[in-house]
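Take a look at the fold shown here.

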Amino acid sequence: GDQHITGKQHGTLVTTEDARRTLSQLRQAMTTAGLGEATAADARVRLGEMDAALQAEQPDRPWFARALERLTRLLATAGSLATSGAALIGPLHTLASWLGTLGGPILSLLPALA
């Protein structure tokens with residue numbers, strides 16, 4: 001039979017190059033987020049893991065997803081997502097979108113933007 005799709009269907013395409021630029025933006029936003037010393041050090045480790053994953057010709061999305069989830073949980077626990085707003089949430093959302101279905105659990109950790 002025929003298939004009829006109604007409603008407001010939309011999608012987001014985030015390329016690997018977009019993800020690389022967004023990771024750079026996230027790194028910059030984190031420098032002004034007022035993270036504590038231990039949190040900032042742990043965040044830099046996660047950013048390094050994500051950067052390494054993105055530099056490969058075929059990025060390792062599952063590895064990137066694990067590092068991004070650990071970073072997102074770290075920032076949420078530190079209260080940085082609540083205090084930094086879109087500066088951190090926007091890039092985290094874009095990077096999770098780049099992951100496709102692997103990014104779903106990360107998106108669920110992000111507060112809604114007002």
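How many helices and strands does the secondary structure of the protein come to? There are six helices and zero strands. Helices (H or I, at least four residues) and strands (E, at least two) are DSSP runs, numbered from the N terminus. From that end, the elements run α-α-α-α-α-α.

This is a predicted model, in which local features need pLDDT of at least 70 and side-chain atom pairs count only at pLDDT 80 or more, while totals for chains, interfaces and linings use all residues. Residues are numbered from 1 along each chain as its sequence is written, and side-chain values use heavy atoms, with hydrogens and water left out.

Start with the whole protein. Its C-alpha trace spans about 60 × 35 × 20 Å along the principal axes. Of the 114 residues, 36% are buried. Buried means under 20% relative accessible area, exposed over 50%, and partly exposed in between (1.4 Å probe, protein chains only). Contact means heavy atoms within 4.5 Å. Among contacts with a separation of 6 or more, 66% join residues 24 or more positions apart.

Now turn to α3, residues 61-77. This helix has 17 residues and reaches 24 Å from its first C-alpha to its last. That is close to the 24 Å expected at 1.5 Å a residue, where the expected span is 1.5 Å times one less than the number of residues. At the start of α3, a side-chain oxygen of aspartate 60 comes to within 3.1 Å of the backbone nitrogen of tryptophan 63. The buried residues of α3 include Phe64, Leu68 and Leu71. Its buried residues pack against α1, α2, α4, α5 and α6. Glycine 79 follows α3, with a positive phi near 85°.

Next comes the largest pocket. Its lining includes Arg27, Met30, Ala43 and Leu47. The elements that give two or more residues to this lining are α1 and α2 (37-55). The largest share, five residues, comes from α2. A pocket is an open set of points on a 1 Å grid over the protein atoms alone, with protein on both sides within 12 Å along at least five of seven lines; lining residues have an atom within 4 Å of a point.

Finally, find glutamine 3. This residue lies in the segment before α1 (16-31). Is glutamine 3 buried or exposed? Glutamine 3 is exposed, because its relative accessible area is 67%. The C-alpha atoms of glutamine 3 and leucine 68 are separated by 37 Å.

Conventions: On a 1 Å grid over the protein atoms alone, a cavity is a set of points where a 1.4 Å probe fits but cannot get out, and a pocket is an open set with protein on both sides within 12 Å along at least five of seven lines; lining residues have an atom within 4 Å of a point. A polar contact is a pair of N or O atoms within 3.5 Å; within protein, one must be able to donate a hydrogen and the other to accept it, and residues adjacent in sequence count only if both atoms are side-chain atoms.
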